[in-house]
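Subject: Structure handover

Hello,

I am passing on the structure we spoke about. Please look it over first; my notes follow below.

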Amino acid sequence: MDSNPTSTQTLQKRNHELSVLNHIAEALNREINLKDALKTSLYNIVKLFDLTTGWIFLKDEKTEKFYTAITIGLPPALADHPRRMGGTCHCIDTYVDGDMEGAANINAILCTRLKNLKDGTAGLLYHASIPLYARDRDNEMLELGILNVASTDWEEISADDLRVLHTVADLMSIAIQRARLYQKSKDIGAINERNRIAREIHDTIAQGMAATVLQLETAD
């Protein structure tokens, strides 16, 4: 048995990471509501890195604009002023430009929403921004959004931390795409049902009118 304290600590850390990843995967697979699933996942990843703050930007499929989907523990400067979470920022611009593609380019970024604020930041300054991508049926890359977790002192993220964050991002991306496809199938089903009802109404009215015309012709 290896008595090396470093090896033991590393093993314990890996076991903890696996436990958290498993919990996140279960939440994403179990929760019907995507928002609840993402919130559970974000909570666990923030807890894993012993942080307090995280948020997820998602890209609206129709408008292609980014919106804040989930937040945890935002500092007062952002929580009390939601408009500061709106619009673009450095991480969104970087994401749109494609500079964040691939785990090798994910790193700690100075948060432009916080850097010019003096009060209410809770000491937060840096955040890790992890891109959320998926592929469609034609294997085209789809931009889904960005996972952010914030820290007071991050300057460089370790390869192990990047690996875990990237795995979580992959899990989230799958869940987001699945939820959107499910919603689309529901919408298509609703459209088909509305069309069916419309046909029934049309046929019923047509039959009723035909019967009425026949009655009038008979009376005449």
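How many salt bridges does a search of the whole structure find? The answer is seven. Please keep in mind that this is a predicted model. I start with the sheet and the cores and then return to the salt bridges.

The sheet

Five strands form an open sheet with antiparallel pairing, in the order E2-E1-E5-E4-E3. Strand E2 (66–72) and strand E3 (108–110) are the edge strands, and each pairs on one side only. From one strand to the next, the twist averages 30°. Six bridges join strand E1 (residues 53–59) to E2 in the antiparallel sense. Within E2, threonine 71 is the bridge partner of tryptophan 55.

Helix H2 (residues 34–48) packs on it and touches E1, E2 and strand E5 (141–151). The direction of H2 makes about 55° with that of E2. Helix H4 (residues 90–97) lies across E1, E2, E3, strand E4 (126–135) and E5, and it runs at about 150° to E5.

The cores

The largest nonpolar core has 35 residues, of which Leu42, Ile45, Leu132 and Val149 touch the most other members. At least two residues of this core come from each of helix H1 (5–30), H2, E1, E2, E4, E5 and helix H5 (159–219). H5 gives the most, with eight residues. Another core, of 17 residues, lies apart from this one; Phe57, Leu74, Cys89 and Leu114 are among its members.

The salt bridges

Aspartate 160 forms a salt bridge with arginine 14, and their closest N and O atoms are 2.4 Å apart. This pair links distant parts of the chain: aspartate 160 is in helix H5 and arginine 14 in helix H1, 146 residues apart. Aspartate 160 counts as partly exposed because its relative accessibility is 29%, and arginine 14, at 23%, is partly exposed as well.

Aspartate 160 also forms a salt bridge with arginine 163, with the closest N and O atoms 3.9 Å apart. Both residues lie in helix H5, three residues apart, or about one turn of the helix. Salt bridges that share partners join Arg14, Glu17, Asp160 and Arg163 into one network.

A further salt bridge joins the side chains of glutamate 61 and lysine 184 (3.3 Å, N to O). Glutamate 61 is in the loop between E1 and E2, whereas lysine 184 is in helix H5, 123 residues apart. Glutamate 61 is partly exposed at 44% relative accessibility, and lysine 184 is partly exposed at 42%.

Regards

Terms used. Residues numbered from 1 in each chain as written. Predicted model: local features only at pLDDT ≥ 70, side-chain atom pairs only at ≥ 80, totals over all residues. Heavy atoms only, no water. Pairing = 2+ DSSP bridges. Helix = DSSP H or I, 4+ residues; strand = E, 2+ residues; numbered from the N terminus. Axes fitted to C-alpha atoms, helices over the stretch in contact; angles between N-to-C directions. Contact = heavy atoms within 4.5 Å. Core = buried A, V, L, I, M, F, W, Y, C linked by side-chain atoms within 4.5 Å. Buried < 20%, exposed > 50% of the residue type's maximum accessible area, 1.4 Å probe, protein only. Salt bridge = Lys/Arg side-chain N within 4 Å of Asp/Glu carboxyl O.
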